[in-house]
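The structure comes first, then the points by topic.

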Amino acid sequence: MKRSRINEIMAESGDMIRHHGCVLPPFAAWSPDQFKAHAPVAQNVIAARCGWDITDYGAGRYDQMGLFLFTLRNGRLADLQRGGGMCYAEKLLISKQDQLSPMHTHLLKAEDIINRGGATLVVELFGSDDQGGFAPDRGGVVFCDGIQRRFAPGEKLRLAPGESVTLMPGDWHAFWGEGGDVLIGEVSTVNDDETDNIFREPIGRFASIEEDVAPTHLLVSDYRTWL
């Protein structure tokens, strides 16, 4: 993705987030130079990979297959492993109309996917085989706003604003906006986007960046090289 397009998406997404009454934390507004200056006291933000995250899954077709994310807070895997401490994470996402977030599952992360506003969020579901792999002929059980719901293979849940679904490890899912763009909340156990996204197809989690202009804000994938 071109850095200029990423900058545009950041601006557009910030407008949508504010429109729905949400406010990003102060570090979201830092320029790269400000982030470098604050780095000594922002190590928790950096290590937890909180911040801006925009991906086209390496396919180069962001409007057709992509996702905007902002990680607001993220816990520690060591706390999750010992069963105490900061074992949770929270994100805001934007799924544009007909913009696919491709079929995937997680090995560790359980998550609530919440329609925070906008259009309808479609979530397509499949179960796992006995080894945890994608199973085109298996359904399963999820909870929608705490209410148990059995799903058939390939069933599409349609979540209106305010509605949610709880997904457990092994629940294969893809999602997109229907009828417009959707602001999504994600509340989950500790999030590790580098190793805990298992895609059905051989695609990448992060975008490759073409540096045609300077960044407005750093992406989480920039932290290693910029900071």
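**Cavities and surface**

β11 gives the most to the lining of the largest cavity, with three residues. Strands here are DSSP runs of E of at least two residues, numbered from the N terminus. This is a predicted model, where local features need pLDDT of at least 70, side-chain atom pairs count only at pLDDT 80 or more, and totals for chains, interfaces and linings use all residues. Residues are numbered from 1 along each chain as its sequence is written, and side-chain values use heavy atoms, with hydrogens and water left out.

**Largest cavity**

- The whole structure holds three cavities of 30 Å³ or more (a cavity is a set of points on a 1 Å grid over the protein atoms alone where a 1.4 Å probe fits but cannot get out; lining residues have an atom within 4 Å of a point).
- At least two lining residues come from each of β2 (67-74), β3 (88-95), β5 (111-128) and β11 (172-189).

- Leu108 sits in the loop between β4 (101-105) and β5.
- Leu108 counts as exposed because its relative accessibility is 53% (exposed means over 50%, buried under 20%, with a 1.4 Å probe and protein chains only).
- Val123, in strand β5, is buried, with a relative accessible area of 1%.

How values were computed. On a 1 Å grid over the protein atoms alone, a cavity is a set of points where a 1.4 Å probe fits but cannot get out, and a pocket is an open set with protein on both sides within 12 Å along at least five of seven lines; lining residues have an atom within 4 Å of a point. Grid points are joined across faces, edges and corners, and a volume is the space filled by probe spheres set on the points. Helices (H or I, at least four residues) and strands (E, at least two) are DSSP runs, numbered from the N terminus.
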